[in-house]
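Open your viewer and load the model. This tour tells you what to select at each stop.

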Amino acid sequence: MTRSRRKLALIGLVLIGTMAGVWFIVDRSTLILDAPPPQFIRELADTLPPVPKSVVEAPVTYDLDTAIDSLEAAVPKTYGDLERRFETSNNRRVSFAFLLHRSPFRVTVEGHTVFISADVEYSGRVWYKPPLGPEIEVSCGTGGDPPRRATLTLESTAELTREWGIRTQSRIARLEAASDSARDRCRLTFLRLDMTPRVLEITERLISERLGAFDEAVARWPVRRRFEKIWRDLQKPLRLTDSLYMTINPTAAQLGEVGADGKTVFANLRLVATPRVTSGPRPTPAIVSLPPLERADDVGRRAQVLIDGAFTYPFATQHLKRALVGRSIEQAGHRIRIRDVRISGIGGGKVALGVALSGAVRGRLYFSGTPSFDPVTRDITVPDLDYDIGTAQILVKSYEWLADVRLRDFLRERARLPDSVVVQQLSQHAEKGVNRDLPARGTRLSGRIDHAEVIEVRALVADLRIRALANAELKLAIDRAPSIPQPRQPDGKDAAQNEAGELAN
């Protein structure tokens, strides 16, 4: 080998040795770290305090036209017969007949009392058999003589009973001649008789009996079954979106003001409930039987909805990756880079944050801590995040410089999840989904969910639970109240005539 070749070979060997030395130094200065994952801890009991009771307004509206139709059927428009005689009870020499017509009922409402009025026209015939001589007949409102007039006003109040029935109290408020003139009085001057009081008395007794039958029929009507159906519907979970449900959870019912608007009567019901929005599988609520209807003076308070949402750990991991992966930090003169992160639940209300590093440290180390909510930034943070015990033991033994607080504080500051990612989205879904018709015909749930405040963050092994209370206004409109039945009544004109005859005697 020539001198020049030996020189080149020597230089090559020196370069190879130098490169090997540099590689050895670099390799020795890069920490290879493989910390053990945190150990699982027994889950803690759920300590969420009871949610305040909320109010779901539930006005029951009732169209009076249905009730008036039933009342029209209960009180005949025509009764009596001018050809059928009835003896008077105090004078067997006098007999009479009458025929009465009423107009359709008219309705007015004052407060929670319904006034039902009608115009009445009647005609009468009277026969008198003197001791000697032929029978004498006189009449009023027949032939060319116009019928006599009277005014009828009924008064009826209705209420929901404690047992969820309807109770009405109906009576005649007014039945009198339209005026005291000869035009509206059936005066038979020849016999010195005024038949007006007698005809109105018989009419009042007949209508009062019919009103009593009407009230009794209403009391027997199976109204409770409809409210039980509505109550069952309110206990069923309402599907808002995929894996998102709302439960109303009603526990009590109260009755407030009763009033009317035009021909519509309303009763302000108040349902005491604990509404809740949950993500995950379809919940199985406790079934509560329809409770007694109590009285209340403060119907219409606002509601609060408990929003119980969840971050799945893969979802939370993706969010944290965007905030942390690729970030570099210099610690104790060494530069390290965050290559990957992963968050998981380890029980005991704690989470573990696995951090893969490159640069001066290669490998994975773990932090653990208890999540909480920062009301100022509205972020879910882990303020006590620190090196997990398995990682800390390795660092103390070999790499104490890495246990400095700088990396820990860096992660504490940036490992955040904004509540809007879950809570605000759930609120929006809940408000959109709560406005809907319920299975019971004529019932609609509506409402508005305003502002949600996180009240608890709780780490489970399966997911990260976020609970918030949202102010809300919830309303259940019941605009198809149970129909009032038509009371049983005798059939046909003869039956009305028989009733009039019995009352006349």
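Which two cysteines form a disulfide, and how far apart are their sulfur atoms? Select Cys140 and Cys186: they form the disulfide, with their sulfur atoms 1.8 Å apart. Keep in mind that this is a predicted model.

**Stop 1: the link.** Stay on this pair. A disulfide is a covalent bond between the sulfur atoms of two cysteines. The structure holds 1 disulfide. Turn the view to look along the S-S bond of Cys140 and Cys186. The angle about that bond is -95°, and the link is left-handed.

**Stop 2: the two ends.** Now select strand S8, residues 136-140; Cys140 is in this strand. Next, select strand S10 (166-177) and strand S11 (187-188). Cys186 is in the loop between them.

**Stop 3: the surroundings.** Is Cys140 buried or exposed? Cys140 is buried, because its relative accessible area is 1%, under the 20% cut-off. Cys186 is also buried, with a relative accessible area of 2%.

**Stop 4: the whole protein.** Zoom out and color by secondary structure. How many helices and strands does the protein have? There are 9 helices and 30 strands. Next, color by burial. Of the 505 residues in the protein, 47% are buried.

**Last stop: contacts.** Display contacts between residues at least 6 apart in sequence. Of these, 68% join residues at least 24 apart.

How values were computed. Residues numbered from 1 in each chain as written. Predicted model: local features only at pLDDT ≥ 70, side-chain atom pairs only at ≥ 80, totals over all residues. Heavy atoms only, no water. Helix = DSSP H or I, 4+ residues; strand = E, 2+ residues; numbered from the N terminus. Buried < 20%, exposed > 50% of the residue type's maximum accessible area, 1.4 Å probe, protein only. Contact = heavy atoms within 4.5 Å. Disulfide = S-S within 2.5 Å.
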